[in-house]
Amino acid sequence: MLRVVVLGAAAGGGVPQWNCGCSVCLAARTDPQLESTQASIAISADGDHWFLINASPDLRQQLIATPQLHPKAGRLRHSPISGVILTNGEIDAVAGLLSMREGWPFTIYAHARVLSILKANSIFNVLNEKNVRRQPIEVNEAFEPALPDGSPSGIEILPFAVPGKSAWYLEGKAHPAGEIGLGDTLGLRIGDKATGKYFYFLAACAGVTDELKSRLAGAPLIFFDGTVWRDDELIAAGLGNKTGQGMGHIAMSGDTGAIESLAGLDIGRKIFLHINNSNPALLRGSPERRIAERAGWQIPADGTEIVL
Ligand SMILES: [Zn+2]
C-alpha cells in the first residue's frame, strides 16, 4: 500500500505570500481554506517510515500539521522521516532541509547537479554528512530509498528528465555543476514494489513532449506542475516580469498548456501541485477553476491523503 500526503500545494511564496496583495492572497487572508503551503508531498509504503519529495520552506509548519510525521509516542528523539528526495534545486524545494538540522539521521537523494548546489552553499553543511547522507540519483535509473537500518523501503523511484530550467537564482551565474547535462528538473515515477501501484510526480515541467505523454498515459495518478494559469499572468497582473516559461513552468490553460496536452491520456486522477498565488484557478468557483475541474483536474488542500 502506497500512502501519499500532500504537505503543501502552493508554489514559491505560498498562499498568501507575505508581501502580496493580489486577489488570491487577499482572499486567503480572510478564508483559511484558501491558505496553502509550498509544494511537497510525503510518501510511505509501510505507514511508519516516510520520505519527503522536496523540503519546502514551510516544512516545519507542515510537519506540525501532519500527525503521520510526528515523533513516535514514548521516544525522546524520533522522526518517521527516513529521507528526502529532491527533484530540483529551487528554494521552495530545498530550503526546508535547514529545518531538519537537529541531529536526526536521514538521507538526501538528489541528482549530482542538485547536490552540487547544496555543496556550493555552505549553510547546508549544518546537515552533518555523518548523520545526513547525500546519495546521488541518476536520470533513468530506478532506486529504492532505504530505511534507517539500511533495509529496503519497498518504494521504487524512477527519476527522469523533464523540460525545465536550473534554479532561478542561478540565472546568469555559473552552475556549480557546469552548464551541460540533465538533472536540474526531474520527474519521478513512484511505485510500491509489493503491489505494483504507482504514480507520477512532476512539480516543475516546462512543456509536455510526446515522450512525456506516452510515459504518463494510463497512470492511476499524477501530480503535475500547476504554477500559472496563463503564461503571462504575472506580467498581466503587474506582479512581476517573468513568464511561466521563463521560470520553467508550463501554463494550465492554452493549446500547449497542461490541461489540453494531458487530455485523453486515460490518467486516473490528475492533481495540480506547485500552484502560484497569482493563479485564478485557486479560487473556488472561478471560471478558471471550473474549466480545470471539468477537465478532471483537482486542486488539493494541504493535508490531503491518498492511498494507492
Ligand atoms: Zn498573491
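An open sheet of six strands runs in the order β7-β8-β9-β10-β11-β12, with mixed pairing; strands here are DSSP runs (E, at least two residues) numbered from the N terminus, and two of them pair if DSSP finds at least two bridges between them. The edges are formed by β7 (155-161) and β12 (297-298), each of which has a single partner strand, so one side of each lacks a neighbour in the sheet. Within the sheet, β9 (residues 198-202) and β10 (residues 221-225) pair in the parallel sense over three bridges. Tyr-200 has Ile-222 in β10 as its bridge partner.

The model is predicted, and local features need pLDDT of at least 70, side-chain atom pairs count only at pLDDT 80 or more, and totals for chains, interfaces and linings use all residues. Residues are numbered from 1 along each chain as its sequence is written, and side-chain values use heavy atoms, with hydrogens and water left out.

The zinc ion is coordinated at 2.2 to 2.3 Å by Cys-20 (SG), Cys-22 (SG), Cys-25 (SG) and Asn-277 (OD1); donors are N, O and S atoms within 2.8 Å of the metal (3.2 Å for Na, K and Ca), and sites may look incomplete because water is not among the atoms. The spacing of the donor residues in sequence is C-x1-C-x2-C-x251-N. Angles among the four donor atoms are 102 to 114 degrees, and the site is tetrahedral (four donors, all angles between 85 and 135 degrees). For four tetrahedral donors the ideal angle is 109.5 degrees. Cys-20 is buried at 9%, and Cys-25 is buried at 0%.

The largest pocket holds about 810 Å³ of space. A pocket is an open set of points on a 1 Å grid where a 1.4 Å probe fits, with protein on both sides within 12 Å along at least five of seven lines; lining residues have an atom within 4 Å of a point. Of its 38 lining residues, Gly-12, Asp-92, Trp-168, Met-247 and Asn-276 lie nearest the centre of the largest pocket. Helix α3 (residues 91-94) supplies the largest share of this lining, three residues; helices are DSSP runs (H or I) of at least four residues. The lining comprises 14 nonpolar, 19 polar and five charged residues.

The second largest pocket has a volume of about 520 Å³. Its lining has 20 residues, and Leu-63, His-78, Ser-79, Ser-99 and Glu-102 are the closest to its centre. Helix α2 (residues 59-64) gives the most to this lining, with four residues.

Notes: Four donors count as tetrahedral if all angles lie between 85 and 135 degrees; four count as square planar and six as octahedral if opposite donors are over 155 degrees apart and all others between 65 and 115; anything else is irregular. Buried means under 20% relative accessible area, exposed over 50%, partly exposed in between (1.4 Å probe, protein chains only). Grid points are joined across faces, edges and corners, and a volume is the space filled by probe spheres set on the points. Ala, Val, Leu, Ile, Met, Phe, Trp, Tyr, Cys and Pro count as nonpolar, Asp, Glu, Lys and Arg as charged, and the others, Gly among them, as polar.
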